[in-house]
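Please look over the model below.

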Amino acid sequence: MERAAALAPAPDALLVLGNLWQERGHPAAAPRCYRHALALAPDSATALTGLGMALSALGREEEAAAAARRAVRADPEEAGHALNAGAVQHRAKRPEEARAWFRRALALQPDGAAGWTNLGSHAIDAGAFDDALTLLRRALTLRTAEREALASSNLGVALMALGRHGEAVAALSAALDRAPGDAEVRSNLLFCLCFAEEADLGAVFDEHRRFERAVMPVPPAATRFDAVNRDPERRLRVGYLSPDFQRYPGPGYHFLLPLIEHHDRSAVEVTCYYADLPKDAATARFAALADHWRAVAALPDGELERLIRADGIDVLVDCGGHMSRNRMPLFIRRPAPVQVSLPLYPNTTGLTAMDYQFSDHRFAAASADALHTETLIRLPGSVLCYRPAESAATPSARPPVETAGVFTFGSFNNLTKLNASTLALWGRVLAAVPEARLMLKWRGLSGGGVARRVLDAFAAHGVEESRLLLRGTAPDPYEDYRLLDCALDPVFANGGTTTCDALWMGVPVLSIAGEAMISRWGATMLGSVGLGGLVVEREDDYVALAVRLATDRAFLEAQRAGLRERMARSPLMDETGYVRAVEAGYRMAWRRWCAGLPPARIDMSAA
């Protein structure tokens with residue numbers, strides 16, 4: 001096709017070629033075709049739209065937006081051009097502009113499923129989950145085959161955000177019925193299952209194992225690394241692949257920054273593979289800290305595999321699991337001799353090609369090994385190391401109850417973690433401490449349908465509205481912790497970053513531990529800072545301990561006293577010690593590979 005276009009450069013042939021490059025995941029090659037077509041037909045709206053989408057995929061936001069606007073001017077009555085203009089602005093994280101374009105597309109084509117689907121996706125990103133449900137259900141009534149899988153998948157994401165996990169699993173399963181090999185939809189289902197307290201852990205494990213067979217039915221040929229230097233003690237080339245080398249939206253800033261910054265550069269050479277497009281001050285910081293920086297969001301898996309091989313990476317580290325913007329299919333190709341998962345994602349990856357996953361003795365329950373395709377490396381301290389974000393907020397000198405006159409429990413966790421068990425247990429806590437109140441903070445809670453649903457859910461457990469303080473997100477995530485006497489960890493899906501944030505702000509966290517990985521964040525984080533006594537396994541003990549915290553002032557003050565300083569001295573913030581343990585884990589895994597041995601359980605405490 002490329003040869004034919006070169007011999008007879010008709011605009012139509014060039015457009016087909018550009019579209020092929022896009023569809024096959026080669027956006028860097030596509031703009032040349034579209035620009036060539038525009039040289040022959042300057043007013044081609046189709047070529048301009050294609051150029052805009054290709055440039056957007058490369059992160060060239062201003063050029064992409066300009067091309068998309070020109071396409072709409074060239075053919076103002078075509079809804080597809082408005083949709084693409086909205087998609088360009090959506091990818092550039094310009095929500096108001098994106099929404100305006102999507103609405104224009106719907107005005108031009110009211111029965112267009114794509115317009116409803118895109119507007120629903122936009123509503124999810126804006127935290128307007130109720131609106132998203134309405135929009136995406138409207139898209140599904142139009143039954144446009146090529147859009148049904150996307151609309152159903154996004155419907156599942158919106159339901160998951162509202163904590164309606166059973167309905168979310170059903171919607172995501174329906175999407176997979178239409179697109180069984182879609183890696184993104186399958187990852188969405190797996191992530192949702194991590195939060196579904198009613199799901200059998202063995203069944204969830206089996207679903208994770210199904211991922212690579214569904215996404216890549218024909219297994220790749222066995223990888224050979226004949227040219228790799230198998231010296232077990234040489235300097236290791238470690239690659240970190242993540243979309244979270246930025247401040248938001250993921251947890252990577254807090255937990256990846258210590259790793260990248262504190263590696264012993266005489267023993268480890270660090271390459272960061274950044275799998276997203278937005279850049280902020282944190283991105284620049286990561287790039288400056290890495291020995292090598294690779295922006296790979298626009299690279300298809302084949303090209304990224306070749307790049308990693310060319311970089312000579314010995315240990316490739318996945319930092320996202322099945323969370324959004326992941327590159328799980330890449331790891332099936334095995335671009336590096338040793339592949340390791342850092343569990344920011346609270347489960348196994350399910351990949352046979354993932355050799356190891358980090359854990360610790362508190363985080364990994366007795367059954368954990370059997371529910372992982374990876375072999376576990378148990379670190380001696382904490383599975384993760386927390387770096388606070390910059391903030392002028394400091395812990396309250398005294399418990400806030402002393403100035404507010406009322407004891408305040410709180411949770412700033414994602415609403416998807418507020419499952420039925422959590423609502424029922426927190427209802428029991430508030431019934432047992434009738435003068436206390438509960439502050440909740442998350443996107444959408446400042447008002448509207450989401451807030452109303454939360455209030456109604458607590459009302460069903462006998463909790464009056466006057467005892468609930470609902471807040472939306474704020475520029476400084478730490479400031480509102482100054483209003484809490486004690487934080488409450490959700491049941492089954494424990495807090496992660498929010499638990500660390502609370503502890504850093506001097507707020508003790510009451511947690512309940514279970515068997516699943518996602519049920520053990522509290523156990524490892526609180527145990528690391530010496531607050532293991534606030535981790536229970538029974539709901540009755542949770543209620544009793546909440547009552548004691550609210551009524552026994554000396555006990556409360558003992559938990560809060562010097563908590564920030566205790567945390568700073570703990571394994572949870574011992575950056576150098578943590579990174580040295582991680583490096584030792586890499587080295588042990590590397591030695592086994594050099595010796596031709598399969599992965600084996602590594603216990604750093606025993607070492």
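## Contacts along the chain

Take the contacts between residues at least 6 apart in sequence: 67% of them join residues at least 24 apart. This is a predicted model.

## Overall form

The protein has 26 helices and 14 strands. Its radius of gyration is 25 Å, close to the 25 Å from the globule rule for 607 residues, so the protein is as compact as a globular protein of that length.

The C-alpha trace spans about 85 × 60 × 45 Å along the principal axes of the protein.

## Burial, surface and charge

Of the 607 residues in the protein, 57% are buried, which here stands for under 20% relative accessible area.

Side chains in the protein include 67 positive and 72 negative ones. The centres of these two sets lie 2 Å apart.

## An open parallel sheet

Six strands form an open sheet with parallel pairing. Their order is β10-β9-β8-β11-β12-β13. Which strands sit at the edges? They are β10 (468-471) and β13 (535-536), and each pairs on one side only.

Within this sheet, β8 is listed beside β11. Strand β8 covers residues 408-411 and strand β11 covers residues 486-488. The two run parallel and are joined by 2 bridges. What is the bridge partner of F409 in β11? It is C486.

Key:
Residues are numbered from 1 along each chain as its sequence is written. This is a predicted model: local features need pLDDT of at least 70, side-chain atom pairs count only at pLDDT 80 or more; totals for chains, interfaces and linings use all residues. Side-chain values use heavy atoms; hydrogens and water are left out. Helices (H or I, at least four residues) and strands (E, at least two) are DSSP runs, numbered from the N terminus. The radius of gyration is taken over C-alpha atoms; the globule rule is 2.2 Å times the number of residues to the power 0.38. Buried means under 20% relative accessible area, exposed over 50%, partly exposed in between (1.4 Å probe, protein chains only). Contact means heavy atoms within 4.5 Å. Lys and Arg count as positive and Asp and Glu as negative; His and the chain ends are not counted. The place of a charge is taken as NZ of Lys, CZ of Arg, CG of Asp or CD of Glu. Two strands pair if DSSP finds at least two bridges between them.
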